[in-house]
There are 2 protein chains.
Amino acid sequence: VVQADVVTTDPVAVKQFCIEVFEALNVPADDAAIVSDVLVEADLRGVDTHGVALLGLYARRLKAGGINPRPVIRVLQETPSLVLLDGDGGMGQLVGVSAMQKCIDKAKQTGLCAAGVRNSNHYGMAAYYAMMAIPHDMIGFSTTNNEPCLPPFDGLDPATGNNPQAYAIPAGTARPVVIDLAHSVVAFGKIDMAAKLGKPIPVGWAFDENGDPLTDAHEAQKAMRLTPAGGAKGYCLAVVMEALGGVLTGALFGRELLGHLGHLDQKDEVGHFFWALDIAPFMPPLRFKARMDELICQLKGVRLARGARQVYAPGEPELLERERRAREGIPMSRAVFEDLRTLAHELALEERAEALPRRQA
Amino acid sequence: VVQADVVTTDPVAVKQFCIEVFEALNVPADDAAIVSDVLVEADLRGVDTHGVALLGLYARRLKAGGINPRPVIRVLQETPSLVLLDGDGGMGQLVGVSAMQKCIDKAKQTGLCAAGVRNSNHYGMAAYYAMMAIPHDMIGFSTTNNEPCLPPFDGLDPATGNNPQAYAIPAGTARPVVIDLAHSVVAFGKIDMAAKLGKPIPVGWAFDENGDPLTDAHEAQKAMRLTPAGGAKGYCLAVVMEALGGVLTGALFGRELLGHLGHLDQKDEVGHFFWALDIAPFMPPLRFKARMDELICQLKGVRLARGARQVYAPGEPELLERERRAREGIPMSRAVFEDLRTLAHELALEERAEALPRRQA
């Protein structure tokens, strides 16, 4: 389905395209599959900013040397319930999946494990790693630092990233509770997406170096000054995530981080932090999940505010969108689609790019 | 120092008064000292809503049977890095301190430990428990559920508490980073305090059962409908804290919770959740703390927004206030002071109450 500004693409073809792009850039096949799954999951969940829209940037960074296509991820320190990994400058998605898998394995032994990662790159959608805990009847947590774009409350210059945090909590017949939020009013990716689409941004998302609001997405990209969500609350949470993801892990942090957009040939050297908690020691997982169902039922059972159409449980809109897009395809903006075609041309993968649009039923 | 509406009180005398009140209500001396320390720390930090202003309510609940003065706190489940406790209906502060101490002890063995608590009561200031980790060179986390007062985003009726979360992170020469935030625009305690002082509340803090804003603090107390901070973000975080503090621990949760204000003779049966993480396995604590100092220095070094007088690190205002109040005394509202005098009269502790106002230097 090709409309004026949206191309409906096939999720399987999109993932296969990602895999072949990465393989063409010297990423081993197994690793390419892992990274591609993280990206396409973001697109399926409607988090378009953290999906294949990033593929062109990642490809440029792989070519320029900013990302190591063949990292050797090493354990630097390990205790029964902690592990510290060196990501060797690999793709953040690969490093993140390795670290969370290690958390889950160790939490099976002790009930709880946290992993810190240094020397990594942009890891995309924070929720992916937290959600890895769900099939193991565990609760998952994930955070990362990133380049400074969130000025302290009452300050003008950025000193931390807007550092997302994600939690994933299993439920029974209801969908799991999954949250993934940046501590700015909106994630930087939404500004990047507006810039790509040539659209203005609302007042309140970002400001300039004098503290004046910006509505031009390109200017906001350059200014790197997002508004903290909830005022001082968003600032406080972003600083905690900087401490967990950056300071604790031995990664770069704060203003040391250059940012991956403007420095294609340099490693991000960001850090991530994860934990996984096993539910079974607290109560039988079936009972826990029935209790989560009851909580979710209570949330969704309240009377609606004026003008509201439905109360959603946290994460429910993304999971509904995932179900819809798995059936109906991923609506990709024309700008992103054309970027992928350009990339395909550079890598002699034109045929794969032609397979992206979904065939009419 | 006695002004029209403020009485400057002596922190040592306030703590001693709390201890004797609890002892008069059948709380063992050691336990009374623990609970009193949590309360007075809140007053010292300027969190007046969570300090001795609660003493009268706690006393009524102890008398009426809503709080068990002599709980036997039991371990229900234990793995190397998890522990589940039954608080036996004891004071939340006592149960919370026990649980966090257990986390710290076990984290020394495995690097990380979480504790869940069921069958507890209101635990006061969430930051206290997280901060217990700091002298051990650990990072601390604390959350609790409480009676429903935060409607879901787009909903009219409360289904979760506004469930605070607190983190405490050691620093070196800088003050530690401590955050403690409710997921409503303001904590319910601020509405209780406004009601006690007979002051109105700003539009945006709370609304009525039809979704209309409330400015009368007494009406807001009855309506139990706070506005989530950051819109859906505050709602999402409150639900996660309800799942960790309430669902996972086997406590009551969501609309099952009655609330301790209107049900003096019934246990809250709230739950808490804590974790402590040992920094040493990641890097020498001195190095971690120097890195935190550097981050804090970066935060405080940015240019000021128009109209701002200073950028604070997260938790710095409360720690500055603690230093000031330790020197100069705790400014207590006349209404709270008179409540304490009434309580003293009921318990034949008038002499202790007379010792509360700070002597002129």
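Reader: Which residues in helix 11 of chain A do A:L55, A:G56, A:A59 and A:K63 in helix 3 of chain A meet?
Author: This is a predicted model, in which local features need pLDDT of at least 70, side-chain atom pairs count only at pLDDT 80 or more, and totals for chains, interfaces and linings use all residues. Residues are numbered from 1 along each chain as its sequence is written, chains are lettered from A and ligands numbered from 1 in the order written, and side-chain values use heavy atoms, with hydrogens and water left out. Helices (H or I, at least four residues) and strands (E, at least two) are DSSP runs numbered from the N terminus, and contact means heavy atoms within 4.5 Å. On that basis, A:L55, A:G56, A:A59 and A:K63 meet A:L340, A:L343 and A:E346.

Reader: How do the axes of helix 3 and helix 11 of chain A cross?
Author: Axes are lines fitted to C-alpha atoms, for helices over the stretch in contact, with angles from 0 to 180 degrees between N-to-C directions. The two axes come within 9 Å and cross at roughly 30°. Angles under 35 degrees count as roughly parallel, over 145 as roughly antiparallel, 65 to 115 as roughly perpendicular and the rest as oblique. Helix 3 of chain A is therefore roughly parallel to helix 11 of chain A.

Reader: What is the orientation of helix 2 of chain B to helix 4 of chain B?
Author: Their axes come within 8 Å and cross at roughly 95°. The arrangement is therefore roughly perpendicular.

Reader: How many nonpolar residues does the contact of helix 2 with helix 4 of chain B have?
Author: Helix 2 of chain B supplies B:D31, B:I34, B:V35, B:V38 and B:L39, and helix 4 of chain B supplies B:Q93, B:L94 and B:V97. Ala, Val, Leu, Ile, Met, Phe, Trp, Tyr, Cys and Pro count as nonpolar, Asp, Glu, Lys and Arg as charged, and the others, Gly among them, as polar. By class, the contact has 1 charged, 1 polar and 6 nonpolar residues.

Reader: Why is helix 3 of chain B largely enclosed, and which helices cover its buried residues?
Author: Buried means under 20% relative accessible area, exposed over 50%, and partly exposed in between (1.4 Å probe, protein chains only). Of the 10 residues of helix 3 (residues 55–64) of chain B, 7 are buried, so the helix is largely enclosed by the rest of the structure. Those residues are B:L55, B:G56, B:L57, B:Y58, B:A59, B:R61 and B:L62. Their cover includes helix 1, helix 2, helix 4 and helix 11 of chain B.

Reader: Is B:K289 buried or exposed?
Author: B:K289 is found in helix 9 (residues 285–300) of chain B. Not counting residues up to four places away in sequence, B:K289 touches B:D137, B:P170, B:A171 and B:G172. At 17% relative accessibility, B:K289 counts as buried.

Reader: What is phi of A:D137?
Author: A:D137 lies in the loop between helix 5 (126–131) and strand 5 (138–144) of chain A. At 21% relative accessibility, A:D137 counts as partly exposed. Its phi is positive in a residue other than glycine, near 55°.
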